[in-house]
Amino acid sequence: QGRASSKLEQARAATGLTDQQKQDRIATASNELVAQIEKLHPNKPVPDLKFANGSHFDPKRNTDLPEFTVCPAELINTLKNGCSGAAPGVSGWTEELLHDVVTRDPIVANIIACIIRDIALCHVSEDFAKRLSDCSLITLDKESGGIRPIALCETFCKVASTIVLAREADALRKALPQQLGVAYSNGTDKIIHETRKFVRAHVAG
């Protein structure tokens, strides 16, 4: 709990805004605002879930699933690194809450690890897939007018994607060597430094 509180305070400090300032910037709900959000984010059909071999989800079939497991230690480490004070998605679960639960009870840790594995493999029902793809939307008022919609994604999906991305980081870096947005830590900082170096070199010349 202490670590989670510390992380939350760091995240708040990094934004440069107090809680009251953040609250003031959140747009007031209205029918007009809802219409604007629906126009910016129209409902889309849930993607058709298929495995690499083209087969669909079958709750009775487990033999042709890829070899992919998530152990509790990997889950705990992923959740620990993800504790940033971020707001939850529709389920209400955050990395901090999940981390607290899985570190307290090894049985629960194993169960959640299995859930994360199934999400990563798309081995979930269509109804569950729809719930996982749902987001909570909040809007901030822009100083120049208008709104800035922010989608709060489901934490379970974020954890599953983080684990997959960490495992495939080397392959992604080799396949996409010219980008710094995927499988790179502090990619934005590197882009800024490289851009600054380029500008200085050419301006000086």
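Asp100 and Arg104 sit together in helix 5, four residues apart, or about one turn of the helix. (Helices, H or I runs of at least four residues, and strands, E runs of at least two, come from DSSP and are numbered from the N terminus.) The two residues form a salt bridge, with 2.9 Å between the closest N and O atoms; the term stands for a side-chain nitrogen of Lys or Arg within 4 Å of a carboxyl oxygen of Asp or Glu. Asp100 is partly exposed at 32% relative accessible area, while Arg104, at 65%, counts as exposed. Here buried means under 20% relative accessible area, exposed means over 50%, and partly exposed is in between, using a 1.4 Å probe and protein chains only.

A word on the model itself: it is predicted, so local features need pLDDT of at least 70 and side-chain atom pairs count only at pLDDT 80 or more, whereas totals for chains, interfaces and linings use all residues. Residues are numbered from 1 along each chain as its sequence is written, and side-chain values use heavy atoms, with hydrogens and water left out.

Searching the whole structure turns up nine salt bridges. One of them pairs Glu95 with Lys158, whose closest N and O atoms are 3.6 Å apart. This pair ties together distant parts of the chain, with Glu95 in helix 5 and Lys158 in helix 8, 63 residues apart. Glu95 is buried, at 8% relative accessible area, whereas Lys158 is partly exposed at 26%.

Helix 9 (residues 169-175) holds both Asp170 and Arg173, three residues apart, again about one turn of the helix. Their salt bridge brings the closest N and O atoms to 2.6 Å, and Arg173 is partly exposed, with a relative accessible area of 28%. Further along, Lys190, Glu194 and Lys197 are joined in a network of salt bridges.

Setting aside neighbours within four places in sequence, Ile112 is in contact with Leu75, Leu98, Val101, Val102 and Phe156, contact being heavy atoms within 4.5 Å.
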